[in-house]
Amino acid sequence: MASIAIDSMVAAGPMRVANKRLESLLTARMRALLLMPAFGLVALLALARIASFGLLGAPDTPMSMEQRLLPPRGEITDRNGLPLARNYDAFALWYNPKAMKDGGSPLVRSPEEVAAALGEVFPDIDRKDVAARLASGKAQYLRRRLLPEEANRVFDIGEPALELPAEKDRFYPQGSMAAHVLGYVKDGKGQLGMESVLDKELTDAASRGEPTAIALDLRVQGALEDELRKGMLSVNARGAAGVVLDVDTGEVVALASLPAFDPNDVKASDLVGTAEQKRRDEPSNSYNSVTYQVYELGSTFKPLTVAAAIDAGIVRDLGLRYDAKPVKVAGRTLSDSHSLGDTLNVPEALIHSSNTVTARIADKLGGDALRDTMRDLGLAERPYIELPARGAPIWPGEKWSRITTMTVAYGHGISVTPLHLASAYAAMVNGGIWRPATLTKVEPGTEVQGRRVFKEDTSARMRQLLRMITVYGTGKSANAPGYRVGGKTGSAEKPSKGGYREKLLVSTFAAAFPMDDPRYVVVAMLDEPKGTTASSFQRTAAWNAAPIVGKLIPRIGPLLDVRPDLSRDIDISDLRPLIRSDIE
C-alpha cells in the first residue's frame with residue numbers, strides 16, 4: 001500500500017507542473033490579446049501626429065534650444081556690417097525688502113549707511129534719494145546697466161536685500177553717434193528711431209538671429225557729426241543738422257542732428273528738455289532737426305525755382321538780363337540784401353543770390369507751375385523716411401497769390417525740413433528723378449523707380465549753374481579741390497509773431513558732388529549762428545555752413561569711392577562768358 005501511494009504522488013507531480021505551465025501560457029496570451037488594441041491605438045495616434053506635422057508643420061515649443069541661443073533682440077549694423085546696436089550681458093541692482101526670511105528689517109544696516117556704501121560704488125547717485133527709497137520698503141530697481149566689477153562691489157556690501165539679477169541689455173558701441181537715427185530701447189521696446197521702426201523684426205525669432213543692416217555708413221556719419229559739431233561751436237549756434245544722401249537710390253548715408261543724446265544713458269531731460277532749454281525755448285536733445293523741424297530755408301530754393309522755369313521753357317536764354325531793382329507787390333517791397341546793379345542774367349542772379357530776379361522769374365512762371373513743381377519734389381508732404389519723427393511742412397495752400405509765388409521762389413513763406421531739401425536737390429542733379437529718402441539699405445538694381453520732375457537737359461544745365469556758384473559765387477568756401485562741388489547758400493531770418501527776427505538766422509548750404517557725375521547730396525544747416533572771429537563776424541551761410549561742407553567732402557569722398565581729380569570738371573565754358581568780370 002505504501003508503495004502504491006508513493007507511486008501515485010510521483011505520477012501526479014509532473015501533471016501538476018504541466019498544468020501550471022499551460023495556465024501561465026494562457027494568461028500571457030490573454031494579456032497580449034488585451035494589450036494589442038492599446039498598442040494599435042498608440043500607433044494610430046503617432047501616425048496621425050506625424051501626418052499633422054506634414055500638413056501643418058510642427059508646433060512651436062515654448063522655448064527651443066535654438067531660441068535659447070538667439071539674442072533677445074537683433075543687432076543693427078551700418079551698411080558695411082559695423083555694429084550700431086547690439087545686446088550684452090549686464091546686471092541690475094534690485095532692492096528686495098522681503099529677502100530676509102525672518103520677517104525682520106530688510107537691511108542689516110540703516111538705509112543711510114547702505115546708501116552711503118552704494119555712493120562709494122556709484123558716485124553720481126543721489127544718496128538721500130536712495131536712502132529714502134530703501135526706507136520705503138518698496139521693491140524696486142535702484143540702478144540698471146551695472147558692469148561686472150560694479151556688481152562685485154555691490155555684492156561686497158553684504159546686504160541680502162540688494163540683489164543683482166542678470167539681464168540682457170542694449171548697447172550702442174558708438175555712444176551718441178547716430179542717436180537720432182537709432183533711437184533707444186526701454187523695457188524691451190524700441191523707442192524713437194530705427195529701434196522703433198524695426199522693433200518687430202528685431203524681436204522676431206525668425207529674423208533676430210541675423211544682423212539688420214541699414215543705409216548709414218558709420219565712417220561718413222562720424223565725419224558729418226564731427227564737422228557739424230566744430231562748425232556749430234565755432235559760431236555759437238543753437239543747433240546744427242546735416243544729411244548725406246545718395247542721389248540715385250535715396251539712401252541716407254549719414255544723418256545728424258545736434259545737440260544729441262546718448263542712447264546708452266537716456267535721461268528724462270533728453271526727452272523733454274532741460275530747464276535751460278525750456279527757458280530759452282529750445283528743443284530737447286532727442287529732437288531730430290533733420291526730419292522733424294521745419295524751416296524757411298531761404299536762397300537754397302532759388303535753384304529749384306530756376307530749374308522749374310527752365311523746364312517749363314520760361315527761361316531759355318541764360319544771357320537774357322532781368323530787372324534787378326526792388327519790386328513792389330501787394331504792398332510789400334522785395335529787395336536784395338545789397339544793391340547788385342540794375343540788371344542780372346540767370347547765372348549772375350544765382351551767383352549773387354538775387355531775390356528780385358528770382359522773384360521776377362517765378363512771377364513769369366506763374367504760381368500754379370511753381371506750386372506743382374514744389375509738390376512733385378515732395379515739399380507738400382511730410383518727408384519720406386522710415387523714422388517716426390517727420391515734420392509736416394508749412395505749405396502755402398493750393399491757391400498761390402502773386403506775392404506768395406514770388407517769396408516762395410527764394411525760400412520764404414514755405415517751411416520744410418533739411419531732408420526735404422536734400423531729396424529735392426537729388427532730383428535736380430540726378431537727371432530729374434525724385435525718389436523718397438530711405439534708411440533701408442538698397443541692394444543694386446532694386447532702386448525705387450521714382451517720378452520724373454525735371455527733364456534730363458534741365459538737370460544737366462542746373463549742374464552747370466550749381467558748379468558756377470561754388471566757383472564764382474557765395475559757395476566758394478565749399479569748393480573742395482578735385483571734388484567738383486556745386487551748391488547754393490541760404491540765409492533766412494527766423495519768423496516770429498508780427499514778422500521776422502532780423503538777428504536770428506538759419507544758415508544752410510545744399511550741395512552735390514562731383515558735379516560732372518553727381519553721386520551724393522550734402523546739406524548742412526546751422527540754427528541761429530553768431531558772428532564770431534571764426535566766421536569773420538558774419539552770420540550768413542557763405543561764412544559758416546558752406547565751410548562745413550567744404551571740409552566734410554574731402555573727408556567722406558574717398559570713403560564713398562569718390563576720389564579727388566584735378567584733371568576733371570563739368571564743362572561750363574558756354575556759361576563763363578555770361579558772367580561779368582567784376583563778379584570774380
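**Helix packing and a covered strand**

Modeller: Helix α3 (residues 111-121) packs against helix α5 (residues 148-157) at an angle of about 155°, and their axes are 10 Å apart. Axes are lines fitted to C-alpha atoms, for helices over the stretch in contact, with angles from 0 to 180 degrees between N-to-C directions. Helices (H or I, at least four residues) and strands (E, at least two) are DSSP runs numbered from the N terminus. This is a predicted model, in which local features need pLDDT of at least 70 and side-chain atom pairs 80 or more, while totals for chains, interfaces and linings use all residues. Residues are numbered from 1 along each chain as its sequence is written, and side-chain values use heavy atoms, without hydrogens or water.

The helices α3 and α5 are therefore roughly antiparallel (over 145 degrees; under 35 is roughly parallel, 65 to 115 roughly perpendicular, the rest oblique). The crossing of α3 and α5 is right-handed (the near helix is turned clockwise from the far one by less than a right angle; anticlockwise is left-handed). On the α3 side, Ala117, Leu118, Glu120 and Val121 are in contact (heavy atoms within 4.5 Å) with Glu150, Arg153, Val154 and Ile157 of α5. By class, five residues of this contact are nonpolar, none is polar and three are charged (Ala, Val, Leu, Ile, Met, Phe, Trp, Tyr, Cys and Pro are nonpolar, Asp, Glu, Lys and Arg charged, the others, Gly among them, polar).

Helix α12 (residues 302-311) has two helical partners to describe here. With helix α18 (residues 456-472), α12 packs at about 145°, the axes being 10 Å apart, and the crossing is right-handed. Pro303, Val306, Ala307, Ile310 and Asp311 of α12 meet Thr458, Arg461, Met462, Leu465 and Leu466 of α18. That contact comprises seven nonpolar residues, one polar and two charged.

With helix α17 (residues 418-429), the axis of α12 comes within 11 Å and crosses at roughly 40°. That angle makes α12 oblique to α17, and the crossing is left-handed. Here Pro303, Leu304 and Ala307 of α12 touch Ala424, Tyr425 and Met428 of α17. Six nonpolar residues make up this contact, with no polar and no charged ones.

Turning to the strands, eight of the eight residues of β9 (residues 239-246) are buried (under 20% relative accessible area with a 1.4 Å probe, protein chains only; over 50% is exposed, in between partly exposed). Gly239, Ala241, Val243 and Leu245 point to one side of β9, while Ala240, Gly242, Val244 and Asp246 point to the other. Strand β9 pairs (at least two DSSP bridges) with strand β19 (residues 520-527) in the antiparallel sense, over eight bridges. Six bridges join β9 to strand β10 (residues 252-258), also antiparallel. Valine 244 has valine 522 as its bridge partner in β19 and stands opposite alanine 254 in β10. Five residues lie between the strands in the hairpin of β9 and β10, where glycine 250 adopts a positive phi near 80°.

A further covered element is helix α14 (residues 355-365): nine of its eleven residues are buried, so α14 is largely enclosed by the rest of the structure. Among the buried residues are Asn355, Arg360, Ile361 and Leu365. Glycine 366 follows α14, with a positive phi near 100°.
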